[in-house]
Amino acid sequence: SANEGDTRDGEDMIGVDAGENVEGEEIRMGDADCDCDTCCDDSNLGRLLTTVFMPSNVAQEACGSQTCNAETLWTAKTNAATQYRTSSYIALDAYADGGAYTIGGRSITIWSWDGSSDSLAMVWDSGNKMEMVTGGEKKISDADLCALCLSAPSSANCANCPFNSDEAPPAFDDRSDAKGPEPECVTTGVMPDGTILAFAGLERTGGIITYDVSNPASPVYQDFLNVRNWKTAAEDATTYSSDYYNLNDGPESLVFVNADDSPIGRPLVAAATPLAGRLSMYIIEEGTEREDDGSCSSTATCPYIPEEAGGTGEAYVAACDIIEDAEKRAEFGCVDDTDVWKLRWVGDYTVGEWDTDAAEHIAYDVNTEQIFVANSAGAALHVLNIHDPTTISESSLLDVAADLNSAACGNFVAESIQSVAVANVDGYAHAIVAAAAVSDDEAANGYLAFYNGFNYEFLGCLEVGIKPEGIAADGSSKIACINEGSAAEDGSADYPGAMSMCDVTVSNGTPTFTCTTYEFTSANFVTGAFTDAATFRANGVRLYGPTGDDVRLDVEPEGAAFTADGQYLVVALQDNNAYAMWDVTLGKFLFMKGFDLMAAEMDASDRDDALNIASSWGGETVQKLVMPDQIASFTVDGTYYFISANEGDTRDGEDTYAFTLEDDTKITIVVIDTPTIATYETDATEIVPQFEINDQLDWIEATLADAVQDSHWIFVMGHYPILSVAEHGGTQELQDALQPLFEKYSVDAYFCGHDHALQHVHQEYTQYYTSGAGAKVGRLQDTWLLVEADSDRESTSVPIPTTNGDVYFASIESGFGVHLLTKYNMRTEFIGTDGQVLYAHETPPRRKCVDTGNGCSKKHNTGETSSDEEAEMTAEVIAAIVVAALAGFLVVTGGAYAYKKYYGIEDEKRPLTTHDVIPRDDHVELGDVSNLAPSLAR
């Protein structure tokens, strides 16, 4: 198993931003009221990401169970003063007895199964080797970038060391607190001499690590190769700044091609990198161990970049340079003139733009010597010819989305293609290619699309489970599709995880497909193997959150592998840190268990300015939750072995908050990261890459495009001001990037802080509110002091012309903003320290909802109101938005209670429906909070 580690987020009903320092279930150990004074400071375990759910003690002691959501948990934890206990680790089945845990194993693990017992046995784990080869012991790049850091650790000496960094130039130690190198994928292969090798791809640091696993109990490290450019030279930030030069081979899918099936007669490894949208090819060769990790310190020294593009080009080879077999050499027209197994990069091919998941997963067809690449966002398959792996070419592009959007497939609309597999079935002349497609309706089942691997004919489709994620083929007639399920993006529902087993039969040369989807219920387990959530938890299966007592809904399968004989399928349930064994003949699950816990050895802190791989911190050890994403299988002397890539992954939060109130009024609040877009205060060493800026802008536009379809009110919230007459002023980068989107998608208002003032600026139809005077006040620009002279600020506004809009109000008095909403009206008030209303303003929504009988149809608001709307404007307030301090505290609450709190209206106090949004660390004390809801008080 590749022990990546994966936890649950707001999409999995855990809850979003449930506490000041927690997102979903993840929290830093030092923020969890850790009970260890010495081991939980930032230089030890304080920065390490952990979980408050099983197997830690927090959820059990705070809520009395593992099935609460994050908001309930943190309210209960506050009231009960529950601490995160770092000691008292007892055993796997003691899931609420405390102990320190880390998410992900930073390792690969080998597990064995004898074919009859009801669990896997841990045989071997790679320990800290991944961190050692990515900086702890191995020379990094041609320039030995970590040498000074190892000999004399300091922030200056470690600045260019790429240890636990997924950025270029390096951000030293940046991921030590969060899953380190993050192994994502793993595969195995048999060499011509019988040696069994395992290859694991490191998603974050990049690179592929190789082990000889011929003796599964005692694997031998062979090689680590990282085809990556760390871009540490000055010209890398200017001349070579484009994404092309990043390389960043952080693979998430690996395929081994044995010598007999290889187009060049030598074993190959193919690696797909979603971030780079790239397929890379490697040959496997014997030789002395390499001196460094193969990465580049700069573009100018990089052998993987052609000389004409600024690199050395030394790694580029011709097919004859790597072919050894005499017949193959003759086939390619080659003219002829031992110690460890290692990879050698021989070529690559880019199928899509940077960071678009254009190369999500791959599969190889030995018959045509082609690799099928799943383009996730493009919902397509690229067909790449690797007959000559040094010169890869694209044979075809299969538009899977178009093929599925047909009557025969129920007019299925595909959101993405997540994985691909190749099957060779007796009686059919060519390989059959299967692609797993996720529906654009998150509650709907996905589909498998089937193709002829030779002529790419679309053969048909079949429905599988919800959110198909992984796919596995037994090499013959069976294809297993792993359906993650997981919860709705807004947390309103959870969907079952499942495994779909598909059979291919051939009659008269024509294939027929059948698929059956098996959920994790008692009907699909052998007698006695399926119990209840509590028993599964006692056996280490992480079932937690609001659906934690419903096994069917809470499991989230991610990947799977058939045994070599095709008799069994092991399914990895990543977020649950568990696995299930499927008997192909019986058509039943034999058992479901949690992966064994084991002691971690790693660098746990990103704040110690040192490369510090340890096994104990302040006297405490940490157990690792391996949480593999992918898993591979091999057999030695009749014993089944499974190797996991221990990535680690959790359930985190999202940054879009949509609230539908009692009268079906929908409010959408989009919380954005303005320092990513506006870099005027960013340190020169922390320049945000353009692709990150583009990623966020794309996400903002897509979110607003969805919101405008059915939202009565649309608000955007960020830290920096767009328009401001206070000391920082408006932000040109935000104006250029965001205001066109605000106009296009009818954003009603933008809330911000940063400037320590209270402001209301109006431009076109969008209102801009600054509420940054909750903790301290700043100053206004001199030309706006006239605003302070306005004596009747509560009932009148005097617009002051400005190129950035009309300033309706600006003040440096302490206070906060309250925005009271009905369906057709928003009343904005700035409240001073003594409770007085400093300023008030009313505005209608930019678009109003017209009932067409088929939901909400939006049209531009003309300013005219109907009698119904006029009545609605005076109706009871249905929601209040409170913005205080530095745009760091946002609450949406029931309106009647908000009216009582701020106006003293003696209305009946009703239960609140509350949602908290705390996107930054900023917060303020609100004084007496004894009569506020717990979420408000926090």
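**Disulfides and a buried lysine**

The link of C502 and C515 is right-handed, with 110 degrees about the S-S bond. C502 sits in strand β28 (residues 498-507) and C515 in strand β29 (residues 510-519), so this pair ties together parts that are 13 residues apart in sequence. Strands here are DSSP runs of E with at least two residues, helices are runs of H or I with at least four, and both are numbered from the N terminus. The S to S distance is 2.0 Å, where a disulfide is a pair of cysteine sulfur atoms within 2.5 Å.

Before we go on, please note that this is a predicted model, in which local features need pLDDT of at least 70 and side-chain atom pairs count only at pLDDT 80 or more, while totals for chains, interfaces and linings use all residues. Residues are numbered from 1 along each chain as its sequence is written, and side-chain values use heavy atoms, with hydrogens and water left out.

C502 counts as buried because its relative accessibility is 2%; buried means under 20% relative accessible area, exposed over 50%, and partly exposed in between (1.4 Å probe, protein chains only).

The structure holds nine disulfides. One of them joins C409 and C461, with sulfur atoms 2.1 Å apart. Its torsion about the S-S bond is about -115 degrees, so this disulfide is left-handed. C409 lies in the loop between α7 (400-404) and β20 (414-423), and C461 in strand β23 (residues 458-466), so the pair connects parts 52 residues apart in sequence. Both C409 and C461 are buried.

Another disulfide is formed by C320 and C334. With a torsion of about -85 degrees about the S-S bond, this disulfide is left-handed. C320 is in helix α5 (residues 319-322), and C334 is in the loop between α6 (326-331) and β15 (340-350). C320 is partly exposed at 26% relative accessible area, whereas C334 is buried at 13%.

Now let us turn to a lysine. K231 is found in the loop between β11 (220-225) and β12 (253-257). K231 is buried but has no salt bridge, and D243, the nearest side chain of opposite charge, is 6.0 Å away. A salt bridge needs a side-chain nitrogen of Lys or Arg within 4 Å of a carboxyl oxygen of Asp or Glu. A polar atom of the K231 side chain does lie 3.5 Å from the backbone oxygen of S241.

Methods: Lys and Arg count as positive and Asp and Glu as negative; His and the chain ends are not counted. A polar contact is a pair of N or O atoms within 3.5 Å; within protein, one must be able to donate a hydrogen and the other to accept it, and residues adjacent in sequence count only if both atoms are side-chain atoms.
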